Structure formats: C-alpha cells, structure tokens
Amino acid sequence: MIASPNNDAEKDAPDNLSLAGDGFDTVIKAKKAVEASCPGVVSCADILAIAARDVVVLSGGPSFNVELGRLDGFISQASRVAGNLPEPDSDLDKLNSMFRRNNLNQIDMIALSGAHTVGFSHCNRFAKRLYSFTPSSPVDPTLDPDYAQQLMGACPRNVDPIIAIDMDPVTPRIFDNVYYQNLVAGKGLFTSDQVLFTDMASRSTVNDFATNPLNFNGAFANGMRNLGRVGVKTGSQGEIRRDCTAFNS
C-alpha cells in the first residue's frame, strides 16, 4: 500500500493494477481509525488480512478466524512482484510450483482460485485467448463459444486498456461456488482458471467444489489461513506503520 511518487511501489506493478483503488482506501481509512484509538499496535498487514476476510463474508462467503501479529515490511518495489503471483496463462504445473514454494498445496491453490468468483480483470489479461491463441486456432478451443463471443463484445481488438469485465459472468457480486460451475461450462476467464478443469489432475476437485459449496467454503477458509502465514514479518523484520502509505522513516 506504499504510495510512491515514481509509481514504482509494489501496488504499481502491472500484475497489481487490477486491484481496486477503493479497496486500498478502505484499509487506509481503517488504519487511521485504529490509530486514533490504539496507536502503534495494529499493523496495516493485519488490517488488510481482516479486510480480506470481511469482504468475503459481506459477499456471502464463509467466515474464518484471521491469525494476527504480522508486521509491515520495509520494502515495497514493483520490480519484486513478477514471478510471485500467478499469471493468467499459467498451466497447472506452474500454478502448483508457485504455490508449493509458499507451502500451499494443490487443494489450497484450487480453493484460493475460487476468489475469482468476485472481482474484475482488464481485457489485455486474457485477450490472447480471444484473438491469437494459436495460428491455427485464434480462439482458445477450451472457451465456451457463446462466452467467447460475449468476451469479444466487451473486449474488442484494441479496446481501451482501462476497460474491465467481471471475472464471474453469472454471479459477479456474490462469493459462491459458481466459479467452479463456470469452469465446467468452459467459462473460466483466464487460462489459469480453465486449466483447473481441463487438466485431469485437478478436475475432480473442481467438480467437487462445483457441486458441494460447503466443501469449497471449508477449503477456501483453510487456504486463506495457510496463505495468511506466507511471508509474515516479525521482530526486527518489520514495523507497525503509522500510515499505510508510507514507511515510518
């Protein structure tokens, strides 16, 4: 959440540009309110983790306990983001490899991918699937044809880069298991979404989550707890920022 005058902080990285600005504003406002009552005790990292849980609940998803005690880091650089987030064209092996590096297993990865049941993406993140997938098949054949036409209508060639569409074309404002039903129907927006169904090594889990919302909710809550333990800063590794947009010194 560091604000850089040179636009080179972590949130300025291309992979993070689809993050809604009002989401950052909400965390910043929450931090100001907490600091007014309890200064120097609660980190921005903890507030962000709590906010992530709360937006899931407010959207109809499961509640879960958030482990607290994180500190805020001393580094925020856009150049450090690449390679640390799943790419839209990642295959199953790449996804599993990235998650394993953070002690997350395939079930965690598939469940956390379900967060794409809400949110949006800019057109350039998936345009290759519509116009230049391969020389012999410009449209990704794993895309449902009607969905592909819908995407082309919303994201024509050379569309304004600020245009964005919902990740979930069915229930985009509700946190539910429809994301997995979309994958079964060929309506995953990213290659990294659809591959969870097209790859037989993960298909059974997608089918389970598509038909058993309680199984998805439980796996998602567990995955979020595991994700919340990744890269935690403690002791001399971090600080409790007074302002989420700036280091203390």
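**Close-up views of a predicted model**

View 1. Let's start with Arg229, which is partly exposed at a relative accessible area of 49%. Keep in mind that this is a predicted model. What does the side chain of Arg229 meet in a salt bridge? Its partner is the side chain of Glu67, with N and O at 2.7 Å. The two come from distant parts of the chain, 162 residues apart: Glu67 belongs to the loop between H2 and H3, while Arg229 is in the segment after H10. Glu67 is partly exposed too, and its relative accessible area comes to 38%.

**View 2. Arg70 and Asp46 meet in a salt bridge.** Here's another of the 7 salt bridges that the structure holds. The side chains of Arg70 and Asp46 come together with an N to O distance of 2.7 Å. This pair also links distant parts of the chain, 24 residues apart, with Asp46 in helix H2 and Arg70 in the loop between H2 and helix H3 (92–100). Are these side chains buried or exposed? Arg70 has 12% relative accessibility and counts as buried, and Asp46, at 5%, counts as buried as well.

**View 3. Asp140 forms a salt bridge with Arg129.** In this view, the closest N and O atoms of Asp140 and Arg129 are 2.9 Å apart. Asp140 sits in the loop between H5 and H6 and Arg129 in helix H5, so the bridge ties together parts that are 11 residues apart in sequence.

View 4. Now for the cysteines. How many disulfides does a search of the whole structure find? The search turns up 2. A disulfide is a covalent bond between the sulfur atoms of two cysteines. In the Cys44 and Cys244 link, the S to S distance is 2.1 Å, and the angle about the S-S bond is -105°, making the link left-handed. Cys44 is in helix H2 (residues 44–58) and Cys244 in the segment after helix H10 (213–227), so this bond ties together parts that lie 200 residues apart in sequence. Cys44 and Cys244 are both buried.

**View 5. A disulfide joins Cys123 to Cys155.** The sulfurs of this pair are 2.0 Å apart. The torsion about their S-S bond is about -65°, so this disulfide is left-handed. Which parts does the pair tie together? Cys123 comes from the loop between S1 and helix H5 (128–131), and Cys155 from the loop between helix H6 (145–154) and S2, so the bond ties together parts 32 residues apart in sequence. Cys123 has 3% relative accessibility and counts as buried; Cys155, with a relative accessible area of 3%, is buried. Number the bonded cysteines in sequence order and the pairing reads 1-4, 2-3. Cys38 stays out of this, being in no disulfide, and the nearest cysteine sulfur, which belongs to Cys44, is 13 Å away. Cys38 is partly exposed, at a relative accessible area of 33%.

**View 6. The annotated binding site includes Thr117 and Asp168.** In an unreviewed UniProt entry, the annotation "binding site" covers Thr117, Asp168, Thr171 and Asp176. These residues span 60 residues in sequence, yet no two of their C-alpha atoms are more than 10.1 Å apart, so they gather at one spot.

**View 7. Thr117 and Asp168 touch.** Thr117 is buried, with a relative accessible area of 0%. Setting aside residues up to four places away in sequence, Thr117 touches several residues, including Asp168, Thr171, Phe175 and Asp176. Asp168 is found in the loop between strand S2 (164–166) and helix H7 (178–184), and counts as buried at 1% relative accessibility. Beyond its neighbours within four places in sequence, the contacts of Asp168 include His116, Thr117, Tyr179 and Asn182. What joins the side chains of Asp168 and Thr117? There's a polar contact of 3.3 Å between them.

How values were computed:
Residues numbered from 1 in each chain as written. Predicted model: local features only at pLDDT ≥ 70, side-chain atom pairs only at ≥ 80, totals over all residues. Heavy atoms only, no water. UniProt positions renumbered as here; feature names shortened; annotations may be inferred. Buried < 20%, exposed > 50% of the residue type's maximum accessible area, 1.4 Å probe, protein only. Contact = heavy atoms within 4.5 Å. Helix = DSSP H or I, 4+ residues; strand = E, 2+ residues; numbered from the N terminus. Polar contact = N/O pair within 3.5 Å; in protein donor to acceptor, adjacent residues only side chain to side chain. Disulfide = S-S within 2.5 Å. Salt bridge = Lys/Arg side-chain N within 4 Å of Asp/Glu carboxyl O.
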